[in-house]
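User: Hello! I'd like to learn how to read strands, sheets and helix contacts in a model. Could you walk me through one?

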Amino acid sequence: RWRPPPPWRCQRRWTTAATAAMATPLTYTLSESTADVTLWTAPVAQRPTTADAAPSATRAGLTARLARNEFEAVQVVAVTSRARLAVTWPPAATVTATLGARARIDVFTATFTATRLANALTPLANGAMATVPTGGASERLLLWFDIGVGDAAPAGDHALPISIGATSFTLTVHVFDFAIPRSPTFKSQFNLGTSAVSSALGSVDTAKQALIEHRWTTKSVPWPSGLKWSIAWESNKNPAGSCGALNDETTYEGRQYAAGCLTTRYVLGNDKCSPPQIWNDGHGFTNYMVFQFVSNSQTRPTSFCGEPLGSDQCGTSAYNQQWSNYVTGLRDYLNDNGMLERAYVYVQNEPQDDNDHRVAHCLCEQYKAAAPDLKIAISEEAKSNFIDRNGRPCGYDVYIAHTGALVRATLDYAHARLRDHGEETWVYSLDHDVAPLFTPTNTDTAQGIHYRILTWAAWSERITGYAYYDASRWWPSGRPGVTAKLFREAFEDYE
């Protein structure tokens with residue numbers, strides 16, 4: 001089993017009695033606190049509870065430290081008997097004048113479950129009155145200040161005034177003299193409904209902007225369309241006739257729905273429609289799942305272009321020829337439009353036995369014969385029993401492995417596949433994972449270390465991505481929650 005370093009084992013045991021929050025250099029009571037409002041802070045990786053009392057250590061103001069093109073969050077707990085508190089910070093024009101183009105401060109309120117900080121974050125307008133929740137050990141309001149800067153941010157310390165109620169203090173934003181990439185380096189595959197995010201945030205573009213700012217890549221990068229076989233190949237709308245050639249819909253769909261416009265827009269940041277439009281200043285998502293298996297037990301559709309798959313998941317020769325025509329056409333389209341390097345096909349999920357391993361191998365051979373440089377992925381750690389089979393080695397470009405399966409020998413084999421063949425390993429978590437594994441899927445109980453440690457562990461073992469099948473839990477009601485932002489912190493660490 002993948003044995004993490006000692007900090008993974010550190011889990012606080014909470015009591016119902018109010019105790020001072022864990023003392024760290026970044027956990028302290030603000031010296032600007034008054035008898036009316038006590039303000040204290042802790043790193044956002046420490047999720048406060050109703051049992052936490054203000055730390056005894058004091059310090060003036062808040063500090064956020066970030067690189068260019070990075071976001072950084074700081075949290076403040078306001079303990080007060082007041083029912084509401086006004087919260088103010090500098091207007092947008094002042095923030096950009098101080099911190100450069102694209103800089104902004106977003107402020108959110110959060111509540112507690114019976115004991116712990118809840119996941120949902122509610123946007124707060126500048127100058128608005130924030131309602132102080134009641135209950136628990138004391139009345140307390142939790143505020144998240146989300147600070148982001150662009151690539152023009154001047155290095156050094158920048159002071160910004162903040163007021164919570166009648167209490168004022170300084171937020172010092174320290175910008176390091178380097179930038180991280182605007183497109184995520186650490187790859188991801190989150191099954192998150194873009195429709196829910198776009199409904200919550202107002203538009204598809206706004207949803208995609210929020211996702212890439214959080215360095216999240218969903219399974220449906222070009223939603224609401226794509227290049228899946230049922231849209232781009234076996235379709236009655238295909239101008240070349242169903243199964244005749246790859247169809248990107250640009251001849252009859254507008255920019256909002258045409259697969260050719262949406263894939264290039266969100267994968268490359270520059271769509272191919274007329275007139276061309278730049279999205280996110282030309283910075284798109286760095287990995288793009290074109291399509292995935294039909295179900296856990298079925299890799300491809302039962303019938304394709306008039307040919308039945310047959311009883312064997314490896315397919316009949318006639319079926320495989322039709323499928324190979326599509327895969328080759330897909331590869332050529334991706335290559336012609338500059339997306340081949342970022343694209344992959346998710347072929348099979350968790351092969352269970354030798355027959356599944358046989359299918360994994362035969363499908364690998366079919367894809368590599370039809371499109372040698374189109375990446376293919378499988379939800380399994382790299383294993384010789386489906387890679388080196390029948391004297392005909394065939395490896396996948398991406399192995400998506402459960403963290404619990406990554407024992408030392410498995411990691412060593414994965415390292416060899418990366419070194420010798422360029423094949424990557426990503427990881428995924430499961431709800432039943434327990435210590436010493438990190439458990440970010442337990443949104444209401446996991447402390448922030450379970451999110452933040454992910455990419456540190458990944459870096460140490462040459463792991464390049466993370467996947468999860470039910471990512472909506474981290475975006476409650478379509479908005480990024482505490483946990484989505486903790487993932488962002490981890491992904492930024494990787495940069």
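**Reading the sheets and helices**

Analyst: Happy to. Let's begin with an open sheet of five strands, ordered β6-β14-β13-β8-β11, whose pairing is mixed. Strands (E, at least two residues) and helices (H or I, at least four) are DSSP runs, numbered from the N terminus, and two strands pair if DSSP finds at least two bridges between them. This is a predicted model, in which local features need pLDDT of at least 70, side-chain atom pairs count only at pLDDT 80 or more, and totals for chains, interfaces and linings use all residues. Residues are numbered from 1 along each chain as its sequence is written, and side-chain values use heavy atoms, leaving out hydrogens and water.

User: Which strands stand at the edges of this sheet?

Analyst: Strands of a sheet pair through backbone hydrogen bonds, either parallel or antiparallel. Here β6 (62-68) and β11 (129-131) each have a single partner strand, so one side of each lacks a neighbour in the sheet.

User: How do β13 and β14 pair?

Analyst: β13 (residues 156-164) and β14 (residues 167-179) are antiparallel, with nine bridges. Ser163 stands opposite Ser168 in β14. Helix α1 (residues 92-99) lies across both strands, at about 160° to β13. Axes are lines fitted to C-alpha atoms, for helices over the stretch in contact, and angles run from 0 to 180 degrees between N-to-C directions.

User: What does Arg84 touch beyond its sequence neighbours?

Analyst: Contact means heavy atoms within 4.5 Å. Arg84 belongs to strand β8 (residues 84-88) and, leaving aside neighbours within four places in sequence, contacts Met129, Ala130, Thr131 and Val132.

User: What is the order of the seven-stranded open sheet?

Analyst: The order is β15-β25-β24-β23-β20-β19-β16, with parallel pairing. Its edge strands, β15 (187-190) and β16 (288-292), each pair on one side only. Four bridges join β15 to the parallel strand β25 (residues 465-468), and Lys187 stands opposite Gly465 in β25.

User: How are α2 and α3 oriented to each other?

Analyst: Angles under 35 degrees count as roughly parallel, over 145 as roughly antiparallel, 65 to 115 as roughly perpendicular and the rest as oblique. The axes of α2 (residues 194-201) and α3 (residues 204-213) come within 8 Å and cross at roughly 105°, so the two helices are roughly perpendicular.

User: Which residues of α2 and α3 meet?

Analyst: From α2, Thr194, Val197, Ser198 and Leu201 meet Val204, Thr206, Ala207, Lys208 and Ala210 of α3.
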